[in-house]
Amino acid sequence: MKKNENSIYDIVDENFMSNFSGKHIGFMKDYYYKVYYNFCRHIKKKILPQEVFFTNMRRRKIKLLQLCCPYCGHVVVIPVQGTIDELKSFNYCWSCGKSSATYNVFSQLSSLGRIGHFHAVGLKTIQTIYDEEEIKSLTYEVYHLEVVQLTSILEVILRDFFEAFIHINYFGVNDNYISNVINKSTGNDFMKIDKANQHYKKALNINLRSMIDDKTWFDLIDLVNIRNTIIHNNGMIDDKFKETKTFQRIQDCICGNLIFLDEKEINNYLKQVTQIADIIGKAFEDANSARTVRLF
């Protein structure tokens, strides 16, 4: 997942303009050029001819950003001076203050990455002091903490993108009302991908199961089941857990009634969480781009 992916702001460039066609593109060129023209007059900058302005748009000193917030319905074109990298700092709607679901997920994953880095540094230190069995015991809680955070990130991904999809389908409707309905109706269903998928299918006609492979699907189910054992049963496997398919799939991690994870398992679960974020994020970007074009 790339940090510069943002479903709230679009850079008005040739790629963005290609979404329009026929008489529509002529109207939009006039509209955007008028914003550019008035801004140049205001700051006393040289005004390029229209046909020139709409070529190599990303290299121009003055660029246009299209803000289209799916949450509050705020739509505005913003002329800015700066490089493409500098424009990536635009991450929040200046009307309601919300950020894109993509940016929120990226922030969560970055946080986990920093925590994992410090855990790895600590592990490297104790490897010189303790033997393998002692290290296994010492890292038991560390990897369990990372599982809990990964599960929280998965829930953020599935819930925030679902809410964002709902908002672009009901663009401009009061977001507090929609959010309250979502929270009341779905509870904590978005922690489990199979339950979340039911909401995606019923509300959005999106089948997440058909978008990811079997390994990713079952790994995400296992991740949550392991998390629930850690949180609700202090990490101890009970008879109920033994009846699950997760118990069969993670036999290599089980010792007695405990689940021992290592860096390999954590990296695998992180890979699967990142993959579902990329898949849903791409689907949302496509839907949101189409919605932005329909607004004009």
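How many bridges join strand E1 to E2, and in which direction do the two strands run?

Author: The model is predicted, and the description that follows should be read accordingly. Strand E1, residues 9-11, is joined to E2 by 3 bridges, and the two strands run antiparallel. Within this pairing, Ile11 has Leu65 of E2 as its bridge partner.

E2 also pairs with strand E3, which spans residues 75-81; here 7 bridges join the strands, again in an antiparallel arrangement. In this pairing, Ile62 stands opposite Gln81 of E3. The hairpin formed by E2 and E3 has 6 residues between the strands, and in it Gly73 adopts a positive phi near 85 degrees.

Side chains of opposite charge can pair when their charged atoms come close. In the whole structure, 5 salt bridges are found. One of them joins Arg249 and Asp222, with an N to O distance of 2.8 Å. This pair links distant parts of the chain, since Arg249 lies in helix H12 (residues 245-249) and Asp222 in helix H10 (residues 214-233), 27 residues apart. Asp222 is buried because its relative accessible area is 2%, under the 20% cut-off; Arg249, at 37%, is partly exposed.

Another salt bridge connects Arg209 with Asp214, whose closest N and O atoms are 2.4 Å apart. Arg209 is partly exposed at 25% relative accessible area, and Asp214 is likewise partly exposed at 46%. A further salt bridge brings together Asp160 and Arg159 at 3.2 Å, N to O. In that pair, Asp160 counts as buried at 13% relative accessibility, whereas Arg159 counts as partly exposed at 27%.

Finally, Asp131, Glu132, Glu133 and Glu134 form a negative surface patch. Glu132 is located in helix H6, residues 132-138, and counts as exposed because its relative accessibility is 69%, over the 50% cut-off.

Notes: Residues are numbered from 1 along each chain as its sequence is written. This is a predicted model: local features need pLDDT of at least 70, side-chain atom pairs count only at pLDDT 80 or more; totals for chains, interfaces and linings use all residues. Side-chain values use heavy atoms; hydrogens and water are left out. Patches are made of residues with over 30% relative accessible area and no salt bridge: like charges are joined within 9 Å, nonpolar side chains (Val, Leu, Ile, Met, Phe, Trp, Tyr) within 5 Å. Accessible areas come from the Shrake-Rupley method with a 1.4 Å probe; for residues, only the protein chains shown count as cover. A salt bridge is a side-chain nitrogen of Lys or Arg within 4 Å of a carboxyl oxygen of Asp or Glu. Lys and Arg count as positive and Asp and Glu as negative; His and the chain ends are not counted. The place of a charge is taken as NZ of Lys, CZ of Arg, CG of Asp or CD of Glu. Helices (H or I, at least four residues) and strands (E, at least two) are DSSP runs, numbered from the N terminus. Buried means under 20% relative accessible area, exposed over 50%, partly exposed in between (1.4 Å probe, protein chains only). Two strands pair if DSSP finds at least two bridges between them.
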